[in-house]
Amino acid sequence: MQRVVITGMGAVTALGHTAAATWSAMREGRVAIGPITSLPREGLRFGIAAEVQGFDPLAHFEQKKLILLDRVSQFALVAAREAIAQSGIDFAVDGIGENTAVVIGTGIGGEQTHDEASRRLYAENNPRTHPLTIVRLMANAPASQVCIEHGLTGPSFATSSACASANHALAQAFHMVRSGVAEAAVAGGSEACITLGVIRAWEAMRVMADDTCRPFSKQRRGMVLGEGAAVFVLETLERARRRGATILAEFAGAGMSADAGDIVFPSEAGAAKAIARALADGGLAIDDLDYVNAHGTGTPANDPTESKAIRRVFGAHADALAVSSTKSMHGHALGAAGAIELVATIGALRDGVVPPTMNFLDADPECDLDYVANAARERRVRAALSHSFAFGGLNAVLALRGAP
């Protein structure tokens, strides 16, 4: 088993169109949640989201290429380009393209394409759909398009496990590189879910906030949808050192579990099991941890359950942890959430700054940890966890150390 490091990251989020811009906004506590601008808000109960504003596809793709790409693939491709450029790997020259894995998670896939096809069929009674509908909306389109653009012919697939999709993708990529199945990996998550059908479906579940996202706060009223992508380059420590790459962080371990209980309500035991497995897989002791990037959706059910799971695993050390939810700034990007939050986790490790939980008002007695409320905090971070807990009871936790 080889040590695995991250040498590149890229992002397109509601906070910025690069990983650097996204992390800068997180440090500053900027909130990208606001009224939806890409859809008519008439008939919506709330009408707020964290949208990627000002993203011009024609600035990144030729028109003839765009006919193949749903917004979810556009985000993934732009983020992957940034990550690969930062890593400094030339897959053709280095000769490892044939043994580089690509794993991109998405909870929904090409939903804008799906929404448009449905509108034509049912609203316009138009029996004709676009001939490229399937290749635009399929869940593996982001992963496949990254492979095509960069000539990567190693193991490639999509993961689709609701809000845990990106962390599952990253965990699978990590395991492949650590075990030698792949020499390197390009992995992350992408989501473009701000469509009328998705918004109405989430509103029907009665889990959406009408004001903003307030994780762990007594006044929290639910989650707010976001969109975007984040992608990372993983390789072995030995290879990164050999080629003189800048190492962003060490990918230490991953833990996964299934609640095998309620399809929606989270399980403290299931979450705790994934956390404990990530620590064990990464060879980390409880007191090695300084920061937890929490799932922190701002729903009445998730936040106390996650807080109790952290206490169950860490015991007294839970009081020494800095815990924050950046969803308070970039919204809940579903299948891309874990990847976007990994940008925050790497930033905390590299810069010694813990991003805040914004919009926090009063403490909830059921949420009794240090949530770094409303302002970033300077703090040495030696090791950190990033949590993703999904509908369906699927849990994925990533463990990272600072760059070796």
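Modeller: With a relative accessibility of 1%, F216 counts as buried. This residue belongs to a predicted model, and we shall return to it after looking at the whole protein.

Biologist: How many helices and strands does the secondary structure of the protein contain?

Modeller: The protein has 14 helices and 14 strands. Its radius of gyration is 20 Å, close to the 22 Å that the globule rule gives for 404 residues, so the protein is as compact as a globular protein of that length. The C-alpha trace spans about 60 × 55 × 40 Å along the principal axes.

Biologist: What percentage of the 404 residues count as buried?

Modeller: The share is 59%, where buried means under 20% relative accessible area. The protein exposes about 14,800 Å², and carbon and sulfur atoms supply 52% of that area. Among contacts between residues at least 6 apart in sequence, 79% join residues at least 24 apart.

Biologist: Let us turn to the sheet. In what order do its 10 strands lie?

Modeller: Strands of a sheet pair through backbone hydrogen bonds, in a parallel or an antiparallel sense. Here the order is β5-β4-β6-β7-β1-β8-β14-β13-β9-β10, in an open sheet with mixed pairing. At the edges stand β5 (156-159) and β10 (322-324), each of which pairs on one side only. From one strand to the next, the twist averages 25 degrees.

Biologist: Which strand pairs with β13 over 8 bridges, and in what sense?

Modeller: The partner is β14 (residues 394-401), and the pairing with β13 (residues 383-390) is antiparallel. Within this pair, F389 has N395 of β14 as its bridge partner. For parallel pairing, look at β4: 6 bridges join it to β6, and 4 bridges join it to β5. T100 stands opposite A184 in β6, while G105 stands opposite T159 in β5.

Biologist: How many residues of β4 are buried, and on which faces do they lie?

Modeller: In a regular strand the side chains alternate between the two faces of the sheet. In β4, T100, V102 and I104 are buried on one side, and A101, V103 and G105 are buried on the other. Thus 6 of the 6 residues of β4 (residues 100-105) are buried, so the strand is largely enclosed by the rest of the structure.

Biologist: Which residues is V103 in contact with, beyond its neighbours within four places in sequence?

Modeller: V103 touches F157, T159, A169, A173, M176, V186, A187 and G188. Its relative accessibility is 0%, and it therefore counts as buried.

Biologist: Helices also lie against the sheet. Which strands does α3 lie across?

Modeller: Helix α3 (residues 71-87) lies across β1 (4-13), β6 (184-191) and β7 (228-236), and runs at about 140 degrees to β1. Helix α11 (residues 268-281) lies across β8 (249-258), β13 and β14, at about 145 degrees to β8.

Biologist: Is α12 mostly covered or mostly uncovered?

Modeller: Helix α12 is mostly covered, with 10 of its 13 residues buried. Among the buried residues are P304, I310 and F314. The cover includes α11, β9 (291-293), β10 and β13. From its first C-alpha to its last, α12 (residues 302-314) reaches 18 Å, close to the 18 Å expected at 1.5 Å a residue. The residue that follows, G315, has a positive phi near 60 degrees.

Biologist: Which residue just after α7 takes a positive phi?

Modeller: That residue is G151, with a phi of about 65 degrees. In α7 (residues 141-150) the buried residues are A141, P142, A143, Q145, V146 and C147. Among the elements that cover them are α3, β4 and β6.

Biologist: Does A260 count as buried or exposed?

Modeller: A260 counts as exposed, at 79% relative accessibility, whereas F216, at 1%, counts as buried.

How values were computed: Residues numbered from 1 in each chain as written. Predicted model: local features only at pLDDT ≥ 70, side-chain atom pairs only at ≥ 80, totals over all residues. Heavy atoms only, no water. Pairing = 2+ DSSP bridges. Helix = DSSP H or I, 4+ residues; strand = E, 2+ residues; numbered from the N terminus. Axes fitted to C-alpha atoms, helices over the stretch in contact; angles between N-to-C directions. Contact = heavy atoms within 4.5 Å. Rg over C-alpha atoms; globule rule 2.2 N^0.38 Å. Buried < 20%, exposed > 50% of the residue type's maximum accessible area, 1.4 Å probe, protein only. Areas by Shrake-Rupley, 256 points an atom, 1.4 Å probe, with all protein chains shown as cover. Expected span 1.5 Å × (residues − 1).
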